[in-house]
Amino acid sequence: MSVYNSNPAVTRKGSNVQKVPGGKLGEGFLEPQGKGLIKPPDQVELSEAVREQFFMVQGLQKFSLFKIFTLDSSVSIWGCLTYHINRNYKRKSQGFLLQTTRMLPKILSASALRNASTSPASLIRWLFSLRWKAVWCMKTLMKVEDSEPGGVSVKVTTTEDGGEVEEAGEDDRPDSVASKIDRKEPKQTNQFNFSERSSQTLNNPLRDRSCQTEPPPRCTFSATANQWEIYDAYVEELQQQEKSQSDDSKLRKAAKILERMVHQNIFDDIAQDFKYFEDPSDEFRDPEGTLLPLWRFQYEKAKRLSVTALCWNGKYQDLFAVGMGSFDFSKQGAGMLLVYTLKNSWFPEHIYPTTSGVMCLDIHKQRSYLVAVGFHNGSVAVYNLKREGTEPVHQSTAKTGQHTDPVWQVRWQQDDMDNNHNFFSVSADGRVVSWTLVKNELVFTDIIRLSVNGTVPEDQEQSPQVSVACGTALDFHKQTDYLFLVGTEEGRIHKCSKTYSSQFLETYDAHRMSVHAVKWNHFHSKVFISCSSDYTVKIWDHTISNPMFTFDLNAAVGDVSWSPYSSTVFAAVTTDGRVHVFDLTVNKYEAICQQAVVTKKAKPTRIEFNPIHPIIIVGDNRGYVTSLKLSPNLRKKPKAKKGQEVPEGPEVEVAKMEKLLSLLREPEQNTS
């Protein structure tokens, strides 16, 4: 332990006595550090009574500060107080010790030391007051921070015996309440950049790890790749791509089935009506019937387009194709080919957008995935429903015999002798063209060119004065595949043959305005029907130049269709929004059903019978397709006589029509 002095202390290593220079020999004090006690020769000897009184007053049994002291020098007492402060208040710093030594000379003035009595009792009292002065000095140094070093003022009062005594109030006592309140709080840590030691972790030491491996074996390979190997590689890659696409097709198929299930659950009442409902009111209004509305089909992107063509699929009876375009020549634009099913009226099964409006279409009877389409720009195309994408597999161009005017009708025919698919088309340019699918191209052949006067020019280039008739309708005979009918814009109907391209077999002055549809009867080989904008529907025997039946519907007739279940039932749509259903065996003069099926602003444009189910579909100029179910009176079968079975088959239907025609023919014609 070091003792403060103005001169540096000299300490010997291993010695038990520390000498404090600055005075004469014997004027310092020695601190006992070993077992033995060395006393200076000038130490004042205190009696045991005085010593016990001193320790009783202080309350310290082990206090040995004043066992060794001298009265000749104030330096010794100064050193004793310094030692006492450092020992009891644990302030070992040199800065605090320096301030303490600067303050002690002011407290322990020479006059106070000289006036002290040399008697033991007075000496003890003086030392007791001196100890409290040292404690007050230490507290003053701890409180005052802004004052200059050594500039602390101390109030000293003079005693009766001439000594100076400093007054220490209650606040200056170390155990007072004020001193505890004014105690300096410890420095707060930085709240924004602080982390406890317990939350800090050691960083893992970086380690280098390496491994040694044997090099892979090597070999020299050489080969030659020819065209067959390259082809096989491409074929293998194509198969892998198709396999991956097949996985997507499974997901699509599952999603399609799920969508149909949801649709059937939502429209369960319509599905039940389609399957089982029979209008019981037919019993009270015999022979008239009604049409029950079922599903309504619409595609959002085809809202502004008109339904220009309808055709049922021959293999899948719930599937039908819809052609979207426009009959207004001033509002021509893009079109669309849609394929719907009765199982889902929300969304089409197939969507094929086209650059030009679709005017007509036909589905192949045997290969139901092939669809022939005629466009307003004069081109024809063939779509394959099995293939992905929206482009047709075949399409005509100007180099391959494309029509120059809108194509109004297309019809599939049986395959030729080379098993090539072919179909026919008629256009407003007066040409009837045969199209054959040969590999990846369409090969055209002109069958006949229509004229206004009914004659076919042999050399078209040398006879420009012959005016060309505009073809608007086309249909082939059901049994005789080379025989076909062509309707024109002038109101005439021409019976033609594939084998005679230079002349017409027959010409009928059918209507006063444009012919919109011409269709052969499904059962009777001699009967066909036609409709026109002159408000009339006419039934013809192709062996007779005059019509057999004529019906005036009081509005322009847009389309007409024979029923597939009866030879005497047909339906027509008029621009006033009505559907007219006729049954010649029931009423030869009027329709047995006249019903509005569209809104007031809409106009029906096309109608078709389903080949199996007793329903019809009607398209209008707003892009809607409405399905309707025929009531029992509209599909009534002949009643069986007692004891006889009901006759069925096409022969019965032929006999029904033949019976009607025999009533209208002249006697000479009946005998012939």
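Asn 419 sits in the loop between β12 (407-413) and β13 (422-427), where strands such as these are DSSP runs of E with at least two residues, helices are runs of H or I with at least four, and both are numbered from the N terminus. This is a predicted model, in which local features need pLDDT of at least 70, side-chain atom pairs count only at pLDDT 80 or more, and totals for chains, interfaces and linings use all residues. Residues are numbered from 1 along each chain as its sequence is written, and side-chain values use heavy atoms, with hydrogens and water left out.

**Loop residues with a positive phi**

- Most residues other than glycine have a negative phi.
- Asn 419 is not a glycine, yet its phi is positive, at about 60°.
- Asn 419 is exposed because its relative accessible area is 61%; exposed means over 50%, buried under 20% and partly exposed in between, with a 1.4 Å probe and protein chains only.
- Tyr 535, in the loop between β21 and β22, is also not a glycine and has a positive phi of about 75°.
- Tyr 535 has 39% relative accessibility, so it counts as partly exposed.

**The nonpolar cores**

- The largest nonpolar core has 22 residues, and Val 537, Ile 539, Phe 551, Val 560, Phe 570 and Leu 584 have the most contacts inside it.
- Such a core is a set of buried Ala, Val, Leu, Ile, Met, Phe, Trp, Tyr and Cys residues joined through side-chain atoms within 4.5 Å.
- Elements that each supply at least two residues of this core include β21 (527-532), β22 (536-541) and α9 (650-664).
- Leaving aside neighbours within four places in sequence, Phe 551 is in contact (heavy atoms within 4.5 Å) with residues including Tyr 535, Val 537, Phe 570 and Leu 584.
- A second, separate core has 21 residues, among them Leu 294, Ala 302, Trp 312 and Met 336.

**Aromatic rings**

- The structure holds 26 aromatic pairs, meaning rings of Phe, Tyr and Trp (its six-membered ring) with centres within 6.5 Å; planes under 30 degrees apart are stacked, over 60 edge-to-face and the rest tilted.
- Phe 476 and Phe 484 make a tilted pair, because their ring centres are 5.2 Å apart and their planes lie at 40°.
- Phe 476 is buried at 4% relative accessibility, and Phe 484 is buried at 0%.
- One aromatic cluster is formed by Phe 549, Phe 551, Trp 562, Phe 570 and Phe 582.
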